[in-house]
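Okay, thanks for coming, everyone. Let me put the model up and then we'll walk through a few parts of it.

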Amino acid sequence: MTTAETEFLSRTIKRDEIDNYLIGGKDFIDDALIERQIAAGAKPQKSRVREIISKAMSIERLDPEETAALLNVEDEELWEEMARAAGDIKRKVYDNRIVTFAPLYCSNHCVNNCLYCGFRTDNTRERRRKLTLGEVRKEAESLCKIGHKRLIMVYGEHPSSSADYIADTIKAVYDVKVPARNGFAQIRRANINAAPMSVEDLKKLWKAGIGTYQVFQETYHHKRYSELHPSGIKADYKWRLYALHRALDAGIDDVAIGALFGLYDWRFEVMGMVYHAIDLENRFGIGPHTISFPRLNPAEGTDICDNSPYMVSDDDFRKLVIVLRLSIPYSGMIITARESAEMRRKIIPLGCTQTDASTRIGIGAYSEAAEDQESDRQQFMLGDTRSLDEVVREFTRMGLITSFCTAGYRCGRTGDKIMKLLKSGVEGKFCKLNAVLTYKEWIDDFASKETRAAAEEIIQKEIEQIKNDPFYRNKKLLSTFDDYLGRITNGERDLYI
Ligand code: SAM
Ligand code: SF4
């Protein structure tokens with residue numbers, strides 16, 4: 001490790017920004033209690049499971065004991081009931097919308113040594129690179145040209161990709177504006193997946209216009225966490241566990257949790273996420289904006305990805321998504337291109353609200369000619385590399401409307417305000433109007449002939465539904481919607497309600 005890296009390690013972790021949040025010196029994950037709760041939930045009675053399902057259907061977050069009971073269900077019929085409820089909850093809160101985004105990898109320099117990741121410092125086969133701001137703009141331009149409006153920007157943890165660099169890259173992508181078929185295209189929301197930071201650094205990201213701040217705990221199990229993170233800043237479990245607490249204290253509105261499934265027992269990780277949501281709710285009055293549940297994928301220079309004893313089967317993956325949907329019913333749920341197209345088709349109807357498309361995770365891979373996937377410049381291997389157009393077309397055929405809306409954030413419908421609106425179903429009403437407007441805009445600017453043909457029908461159906469819904473008539477929103485729809489058809493862009 002270079003002197004700069006060693007110095008970086010010692011100055012990054014602010015001990016008081018962990019201790020502030022501990023209760024009696026302890027964090028909110030009690031491994032032994034979780035194990036006991038999982039064991040105590042064994043063989044739940046059908047009637048009890050049905051009571052829990054109906055609590056989730058009223059968009060109430062479940063208690064850990066209730067989640068533990070669901071995790072223990074063995075009866076296949078009950079699993080199917082739970083799967084139907086998961087889909088119903090999604091439609092109740094988010095209707096038939098799905099949001100798309102693209103990851104933008106900015107740097108793969110990293111001081112950490114996560115045993116599952118191709119970017120880890122000991123992997124000498126990885127080609128290291130940090131994008132200049134000009135290169136970040138080029139990547140964003142390439143993504144704008146195919147119609148992406150939302151990014152998740154990803155960084156290794158390294159002195160060269162400090163909070164200042166991250167803030168500059170956020171500003172760089174917001175600067176980009178490219179012509180489209182009928183108007184222009186821009187990135188409207190830059191979400192970040194980066195290492196835990198201090199409150200002071202997080203304030204810099206907030207000022208730069210960060211969307212959601214996403215940090216995955218990887219595994220919530222303390223001992224397993226230590227085994228998998230033998231060195232570097234990431235070896236400190238608690239610094240990571242409170243990353244999102246610090247973000248909310250720094251003024252960032254939306255935070256996102258996740259666990260990397262395959263590192264430890266999947267049931268334990270689901271419980272860990274529920275406890276994480278509860279602690280955020282108790283302290284800040286809001287839970288996670290989104291939940292991610294990536295599964296371990298093969299990565300260059302790692303052994304664990306091929307032989308972890310905790311790999312999650314497709315059946316168990318389906319179960320964990322169902323239980324998460326029921327346990328934290330108000331949060332968005334993200335499934336990524338780590339999963340194959342076939343798997344995504346099976347999982348999305350269980351309650352997912354966001355997914356990526358036309359994904360490349362090599363540094364510079366959108367704007368530079370590259371092979372389909374290059375293992376020595378990307379973090380892991382992808383399961384689905386279909387284009388945004390293909391993915392939108394498939395959603396259209398599944399009856400889903402792809403929303404490119406970012407209006408909620410820009411109208412201040414974030415944080416605790418959006419949580420209340422989501423729980424009451426009102427956010428969904430605004431979203432529907434904006435979803436149709438942004439979908440229409442995207443179809444006019446970027447869709448292939450085939451996708452456009454499939455989309456016309458669903459747009460007409462949505463417009464009919466809107467016109468017949470008393471909510472819109474009473475709120476006098478219909479005339480604004482009609483006006484905006486006409487203006488978008490004539491080439492005006494970025495109109496939202
Ligand atoms: N370096 C930052 C960190 O670790 O928080 C952010 C970027 S890291 C590249 C983003 C996420 O990728 C990690 O949180 C981890 O969950 C996921 N990841 C790492 N290796 C993976 C693998 N082999 N398969 C699937 N996901 C992986
Ligand atoms: Fe670095 Fe993040 Fe990969 Fe760990 S997961 S090695 S911190 S990039």
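So, in which sense do strand 1 and strand 11 pair? Parallel, over three bridges, with Val99 standing opposite Ser403 of strand 11. Strands here are DSSP E runs of at least two residues, helices are H or I runs of at least four, both numbered from the N terminus, and pairing takes at least two DSSP bridges between two strands.

Before I go on, the housekeeping. This is a predicted model, where local features need pLDDT of at least 70 and side-chain atom pairs count only at pLDDT 80 or more, while totals for chains, interfaces and linings use all residues. Residues count from 1 along each chain as its sequence is written, chains are lettered from A and ligands numbered from 1 in the order written, and side-chain values use heavy atoms, with hydrogens and water left out.

Back to strand 1, residues 97–107. Strand 10 also pairs with it in parallel over three bridges, Thr100 partnering Thr355. Strand 2 runs parallel to it too, joined by five bridges, one of them linking Tyr105 and Val154. Eleven of its eleven residues are buried, so strand 1 is largely enclosed by the rest of the structure. Buried is under 20% relative accessible area, exposed over 50%, partly exposed in between, with a 1.4 Å probe and protein chains only.

Now helix 7, residues 133–145. Its buried residues are Val136, Glu139, Ala140, Leu143 and Cys144. They cover an arc of only 140° around the axis, which puts them on the same side of helix 7; that arc uses directions from the helix axis to the C-beta atoms. The face turned away carries exposed Lys138 and Lys145.
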